[in-house]
Amino acid sequence: SHFFSPKGIPHFFSLAGQQAAGLMIRFTPAPALTVLVAALGTIAARSDEPASPEEAAFSAAVATDDVCANADDEQSCALMHLQLRGKKLAAEAAEASEDADEAGEQVWPWSSSSSSSSKTNAIDAFNDQLDSSTFQAGEGLFYEFRTYNDEQVWFGSVEARQGHYATAEDAFPLASASKLFTAFAVMYTMQIRPKDWYPEKQVNQFPGWESFCCFNVEFEVKKSNLTIHDLLTHTSGLPFSMRASLADIQKQTLFYKPGTQFGYTLGHRVLGWMLRDYWVASAEGKKQGLKDINDVYRWLIFDPLGLSSKTQFSDFMHHAFGHEGGAGDASITSTGADLAKLAVVALRRGKLPSGKVMISTTNWNKWAVPNLLPGGKLSKDLVKWEGADGSWHNWNFGGAKDQIMQQSGDYGWNYFGATYYDSKEIGWCGFFSSCLRVSYENNLAFVMMQRDVSDMKKSKPYLVQHFADMAKFLQCPGKKCVAAGGKSVFCDQGGKAIAWSASCPMNATRGKGWGASHTDHKVDAAHHTCYVPTCKA
C-alpha cells in the first residue's frame with residue numbers, strides 16, 4: 001500500500017493481488033479530496049523493508065510534487081499519481097509475462113514462484129508459504145479442510161504478531177468473498193421461487209425496480225437492460241464503484257453490451273438489494289417481520305445453513321460502501337466454521353450434510369459448476385477495456401486493468417463464483433484474503449480466514465496453484481472411496497489407513513515468537529489424519 005499526500009491530499013492506491021479482478025472508487029467532497037482505489041488484493045512495499053530504487057525515485061517525485069507540476073487542480077494531481085503507479089504495475093506485469101514465455105512456463109503476474117518441494121509434503125509447503133517474513137495478518141490466520149460428509153480432515157493456524165492464534169470461531173470480514181453468500185441466496189431463491197426469479201429475468205421487471213433500466217452503453221446506440229444472469233456472472237458492463245448508491249448505479253454508462261464481456265463489478269450488491277426488497281415485501285417476509293438485508297439473509301440462508309450470529313452484515317465496512325449499506329458483494333463478516341458450512345454444501349452440490357436439499361443437484365450442476373461466461377471463454381479472454389490511459393471514469397491506468405483482471409490465471413465464472421481447471425474447482429477469495437475453495441475432483445472443501453490486504457505472502461495465488469497437491473497428500477493410502485454418509489476420515493500411519501483416534505495429528509500451528517507457546521509444528525508425513533473421497537453415485 002502506498003500513501004501519498006501531495007498538496008495535503010491523502011491518497012491510498014492499492015493494486016494487484018492474487019485475484020484482484022476489479023477497481024472501485026468513490027470521491028469524498030472538499031475540504032480534502034480523499035481517493036480510495038481498492039483492488040481485491042495488493043502489491044505493496046512493506047514499511048519495514050527498504051524501498052527499491054524505482055520506488056524511492058517515485059516516492060521522491062511525489063514528495064517534491066514533481067509529478068503535479070503541470071496539474072491544474074487537486075483532482076488532476078491525484079490522477080497523475082494513479083496513472084504513474086498504474087504504468088509501473090503494467091510494466092512489471094508485462095516483464096513477468098515475457099520472462100514466463102521465455103521459460104516456457106505458465107507464471108501469473110504477482111503470483112508466487114514457490115512450489116511444493118519434493119522434499120517437503122504439500123501441507124508443510126503451504127504452511128511455509130504462509131509463515132514467511134511477509135506475513136501481515138494482524139489477527140492471525142486459520143484454515144481447514146473438510147470432507148463431503150462434513151468431517152474435519154486438517155486445520156492450521158499462524159500466530160498473529162500480537163500473539164494471537166486465530167480459531168474457527170473468530171470472525172473476519174469476508175470483503176469480496178461475501179459474494180459467495182449472496183450468490184447462494186440468489187440461487188436458493190431461484191430454486192424456491194422459479195416463477196419470480198430466473199436467470200433471464202430483467203432487473204426492471206421486479207416491483208420497485210422499474211427504473212433500473214435503459215442503460216447507455218459505450219459505443220452502442222441501443223440502450224440495454226440487465227438480467228440476473230448478467231449481475232451474477234459479472235457480464236453486466238457496470239463500472240467499478242465503492243460507495244455507490246442505487247441512484248448512483250442507475251446513472252452509469254455500461255462499458256460494453258451486457259453478456260458479451262467480463263468485468264468484475266458490483267452486481268452482487270444490486271442482487272442483495274433486490275433480495276431484500278423482494279423478501280421484505282413477500283408474505284413470508286411480513287410474517288417473519290423481515291426489515292433489512294441482514295434479516296433477509298439470516299432467515300433465507302444463514303439459519304438454514306446452521307450459521308452462528310457472527311455471520312452477518314457488518315458496520316465495519318459500512319463507511320466504505322456508503323450510506324445505503326447492505327453491500328452483498330463485500331460487507332459480510334463470518335467465521336471459519338461458518339464459511340466451511342457453505343463450502344461443504346457447495347461440495348455436496350446444494351445439499352446439507354443432514355440430507356436436506358436447498359438447491360437441487362440438477363440446478364447446482366447447471367448454475368454453480370460450469371463456466372457460464374460468454375462462449376465458455378475464460379475471464380482473461382473477455383477483459384477488454386476501452387481507453388489506453390486512466391481516468392476517473394475508466395480505471396485503465398497504463399493498461400493495468402487488463403493485467404489486474406487476468407492475474408488469477410485461467411478462471412471462468414458461474415452463478416456461485418469462479419471456476420478453475422475446467423470446473424474441477426470452484427470458489428473465490430476476498431480483499432482481506434479470506435477464501436473458500438471446493439475441489440470436485442478431490443472431493444474436498446477448504447476455507448482460509450485472515451485479514452491481510454496486501455497478502456505479500458501470496459497465500460491466494462499459492463492456493464490456486466497447489467490446492468490439488470494438498471488434497472492428494474491428505475488422501476488415505478489404499479482406499480479409493482467410501483459411501484456417502486459413511487466414515488471418511490482415518491489415520492495414515494506408516495502408509496496404512498487405520499481407524500482414526502484423537503492421538504492422530506490433524507493440525508499444525510506456526511508461531512511468531514519464542515517459547516513453548518510459539519512453537520512451529522511440522523506435519524509428520526508418516527502419521528497424520530487423512531480422508532477418503534466419497535464414491536460417485
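The model is predicted, so local features need pLDDT of at least 70, side-chain atom pairs count only at pLDDT 80 or more, and totals for chains, interfaces and linings use all residues. Residues are numbered from 1 along each chain as its sequence is written, and side-chain values use heavy atoms, with hydrogens and water left out.

Secondary structure was assigned as DSSP runs, numbered from the N terminus: helices are H or I runs of at least four residues, and strands are E runs of at least two. Two strands pair if DSSP finds at least two bridges between them. Strands of a sheet pair through backbone hydrogen bonds, either parallel or antiparallel.

Thr147 has Leu444 in β14 as its bridge partner.

A helix covers part of this region. Contact here means heavy atoms within 4.5 Å. Axes are lines fitted to C-alpha atoms, for helices over the stretch in contact, and angles run from 0 to 180 degrees between N-to-C directions.

A second open sheet has three strands, in the order β7-β9-β8. Its pairing is antiparallel. Strand β8 joins β9 (residues 332–335) through two bridges in the antiparallel sense. Gln312 has Thr333 as its bridge partner in β9.

A hairpin is formed by β15 and β16, with two residues between the strands. Strand β15 covers residues 489–493, and β16 covers residues 496–499. They pair in the antiparallel sense over four bridges. Cys491 stands opposite Ile498 in β16. In the turn, Gly494 has a positive phi of about 65°.

Helix packing was examined next. Two packed helices are described by the angle between their axes and the distance between the axes. Angles under 35 degrees count as roughly parallel, over 145 as roughly antiparallel, 65 to 115 as roughly perpendicular and the rest as oblique. A crossing is left-handed if the near helix is turned anticlockwise from the far one by less than a right angle, and right-handed if clockwise.

Helix α4 (residues 178–192) packs against α9 (residues 293–302) at an angle of about 65°, with the axes 10 Å apart. The two helices are therefore roughly perpendicular. Their crossing is left-handed. From α4, the contact takes in Phe181, Thr182, Phe184, Ala185, Tyr188, Thr189 and Ile192. These meet Tyr297, Leu300, Ile301 and Phe302 of α9. By class, the contact has nine nonpolar, two polar and no charged residues. Ala, Val, Leu, Ile, Met, Phe, Trp, Tyr, Cys and Pro count as nonpolar, Asp, Glu, Lys and Arg as charged, and the others, Gly among them, as polar.

Helix α4 also meets α10. Their axes come within 11 Å and cross at roughly 50°. The pair is therefore oblique. Helix α4 passes α10 in a left-handed crossing. Leu180, Phe181 and Phe184 of α4 make the contact with Leu339, Leu342 and Val345 of α10. This contact has six nonpolar, no polar and no charged residues.

Helices α3 (residues 122–130) and α13 (residues 459–474) have axes that come within 8 Å and cross at roughly 160°. They are therefore roughly antiparallel. This crossing is left-handed. Ala122, Ile123, Ala125, Phe126, Gln129 and Leu130 of α3 meet Ser459, Tyr462, Asp469, Met470, Phe473 and Leu474 of α13. The contact has nine nonpolar, two polar and one charged residues.

Four disulfides were found in a search of the whole structure. A disulfide is a pair of cysteine sulfur atoms within 2.5 Å. One of them joins Cys429 to Cys435, with an S to S distance of 2.0 Å. The link of Cys429 and Cys435 is right-handed, with 110° about the S-S bond.
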